[in-house]
Amino acid sequence: EFIIKNLSFKLPAFKSIGFVGKSGSGKTTIANLICLLLKPTLGKIYFDKNDSSDIDLDSWRDQIGYVSQETTMFDDTISNNISLLFDTFKNDQESFLKIKNAASKANIDKFIESLPNGYQTYVGSNGLRLSGGQRQRIFIARELFRKPKILILDEATSALDTISEKAIQKSIDLLKGKITIILIAHRTSTLQNTDYLYVLNEGKIEESGKFMDLRNNPNSYFSRLISSQML
């Protein structure tokens with residue numbers, strides 16, 4: 001039995017694309033296929049008309065930033081947690097500007113600069129001195145520091161409160177049009193500003209379209225999911 005089946009979709013560059021569905025509908029499997037962590041049993045994956053089987057895996061994955069609800073923070077400074085440069089960073093001004101730029105894109109720069117020690121603030125073991133939303137935005141900044149062409153957010157806000165979720169939503173909005181964003185979620189609030197939405201059901205795409213069009217259509221599977229609180 002296939003986890004996903006009869007799947008066909010396009011991911012336009014520099015757009016934000018959402019995948020939504022109940023747990024077990026195949027959302028994370030799609031993310032793993034995009035990252036080439038999984039290979040399709042049948043069918044092909046193409047990137048810019050290039051067969052994925054011909055693509056260098058390390059080169060492809062270097063172009064992807066991946067953020068899930070589980071973040072790893074080191075008992076070190078915010079600066080080092082974003083750059084992962086640690087001892088090699090020192091007083092390198094160019095690297096510091098890159099760190100600040102990544103923090104700005106992740107909508108966490110103003111918070112960092114409000115701290116007494118700024119970017120040199122120690123976050124504690126696994127970021128215990130930070131809130132969940134702050135940790136997530138620093139983790140997004142870490143991925144953006146690498147300058148990926150694609151950013152995948154896999155249930156990145158599912159464990160956060162509403163205020164933290166809105167802060168991360170602003171981070172996502174700041175990135176729109178600059179890189180390709182793939183949002184995987186079951187909370188619909190995260191997906192409202194996406195350019196296009198794919199709705200999954202039991203391993204297949206049930207329907208697709210703009211968020212508001214699907215939500216406002218009483219006959220759509222998506223609107224029924226929302227109204228029945230099945231998401």
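Trainee: Is Asn81 buried or exposed in this predicted model?

Mentor: A residue is called buried when its relative accessible area is under 20%, exposed when it is over 50%, and partly exposed in between, using a 1.4 Å probe and protein chains only. Asn81 is buried, at a relative accessible area of 0%. Because this is a predicted model, local features need pLDDT of at least 70 and side-chain atom pairs count only at pLDDT 80 or more, whereas totals for chains, interfaces and linings use all residues. Residues are numbered from 1 along each chain as its sequence is written, and side-chain values use heavy atoms, with hydrogens and water left out.

Trainee: In which helix is Asn81 found, and which residues does Asn81 touch?

Mentor: Helices are DSSP runs of H or I with at least four residues, strands are runs of E with at least two, and both are numbered from the N terminus. Asn81 is found in helix α3, residues 78-83. Contact means heavy atoms within 4.5 Å; not counting residues up to four places away in sequence, Asn81 touches Met73, Phe74, Asp76, Val123, Ile138 and Arg142.

Trainee: Where does Arg142 lie, and what is Arg142 in contact with?

Mentor: Arg142 lies in helix α6, residues 132-145, and is buried, with a relative accessible area of 7%. Leaving aside neighbours within four places in sequence, Arg142 is in contact with Thr72, Met73, Phe74, Asn81, Ile82 and Leu84. The C-alpha atoms of Arg142 and Ser83 are separated by 6.0 Å, although the two residues are 59 residues apart along the chain.

Trainee: How many salt bridges does the structure hold?

Mentor: A salt bridge is a side-chain nitrogen of Lys or Arg within 4 Å of a carboxyl oxygen of Asp or Glu. The structure holds five salt bridges. One of them joins Lys27 and Glu155, with the closest N and O atoms 4.0 Å apart. This pair links distant parts of the chain, since Lys27 is in helix α1 (residues 27-34) and Glu155 is in the loop between β5 (150-154) and α7 (162-175), 128 residues apart. Lys27 and Glu155 are both buried.

Trainee: What is the relative accessibility of Lys44, and which side chain does Lys44 meet in a salt bridge?

Mentor: Lys44 counts as exposed at 55% relative accessibility, and its side chain meets that of Asp51 in a salt bridge of 3.2 Å, N to O. Asp51, by contrast, is buried, with a relative accessible area of 14%.

Trainee: Where do Glu94 and Lys98 lie?

Mentor: Glu94 and Lys98 both lie in helix α4 (residues 93-105), four residues apart, which is about one turn of the helix. Glu94 forms a salt bridge with Lys98, the closest N and O atoms being 3.9 Å apart. Glu94 counts as exposed at 54% relative accessibility, while Lys98 is partly exposed at 38%.

Trainee: How many helices and strands does the protein have, and why is it described as compact as a globular protein of its length?

Mentor: The protein has nine helices and eight strands. The radius of gyration is taken over C-alpha atoms, and the globule rule is 2.2 Å times the number of residues to the power 0.38. Here the radius of gyration is 19 Å, close to the 17 Å that the rule gives for 231 residues, so the protein is as compact as a globular protein of that length. Buried residues make up 47% of the 231 residues, and the C-alpha trace spans about 55 × 45 × 30 Å along its principal axes.
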